[in-house]
Amino acid sequence: MAHLWTPPYVSGMPQQPLAQVPDDAQWFWQDHGSCRDSDPLLFFHPQNERGNARARRDRTAKMICAGCTVRLECADYAVRAREPYGVWGGLSEDEREQIYSRLDNKCYPRRRGEGSAAAAREIAAAVSPRSLGIA
Ligand code: SF4
């Protein structure tokens, strides 16, 4: 995602220091993200944002992800790294939390492609027309 390259703090929120960046992580796909010219604050919630405001911002970010050609690479990275914040590959924080909670920590997907394979259903559903409210 293009907001990966942002400094380690967006809106005062730590990003990469909390992620568990996989050893084989690659970043070339960020240059092709549909969000590369978007405001990173669309993808990361401000402190204390809740309810409808958060749902609206997440949905706006997901609409951008829906048309992104590197969505799978982005989602794969985010799942493998257990990114704690932001919308990645169309997956919100809550959606990723659900994925993390059902995956076994002992054999957690860490190699490239394993994250998108393990969470394929959720990744597809996250930006479905129904999920975005446009069906
Ligand atoms: S999937 Fe979304 S967050 Fe990831 S690079 Fe594409 S537009 Fe950015």
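**View 1. Contacts of Ala 78 in the predicted model.** Leaving aside residues up to four places away in sequence, Ala 78 touches Glu 83, Trp 88, Gly 89, Leu 91 and Arg 96. The structure shown here and in the other views is a predicted model.

**View 2. The largest nonpolar core.** This core has 24 residues. Ala 75, Ala 78 and Leu 91 are those with the most contacts inside it. Two or more residues are given to the core by each of α1 (51-66), α2 (71-81) and α5 (120-126). The largest share, six residues, comes from α2.

**View 3. Phe 28 in a loop.** Phe 28 lies between β2 (13-14) and α1, in the loop that joins them. This residue counts as exposed because it has 8 C-beta neighbours inside 10 Å, and the cut-off for exposed is 12 or fewer. Phe 28 and Val 70 are 42 residues apart along the chain, and their C-alpha atoms are separated by 9.8 Å.

**View 4. Asn 48, a residue with positive phi.** Asn 48 is placed in the loop between β2 and α1. Most residues other than glycine have a negative phi. The phi of Asn 48, however, is positive, near 70 degrees. Asn 48 counts as exposed, because there are 7 C-beta neighbours inside 10 Å.

**View 5. Arg 82, in the loop between α2 and α3.** The loop between α2 and α3 (93-102) holds Arg 82. Phi of Arg 82 is near 50 degrees, which is a positive value in a residue other than glycine. With 19 other C-beta atoms within 10 Å, Arg 82 is partly exposed; a residue is buried if that count is 20 or more.

Key: Residues numbered from 1 in each chain as written. Predicted model: local features only at pLDDT ≥ 70, side-chain atom pairs only at ≥ 80, totals over all residues. Core = buried A, V, L, I, M, F, W, Y, C linked by C-beta atoms within 7 Å. Helix = DSSP H or I, 4+ residues; strand = E, 2+ residues; numbered from the N terminus. Contact = placed C-beta atoms within 7 Å.
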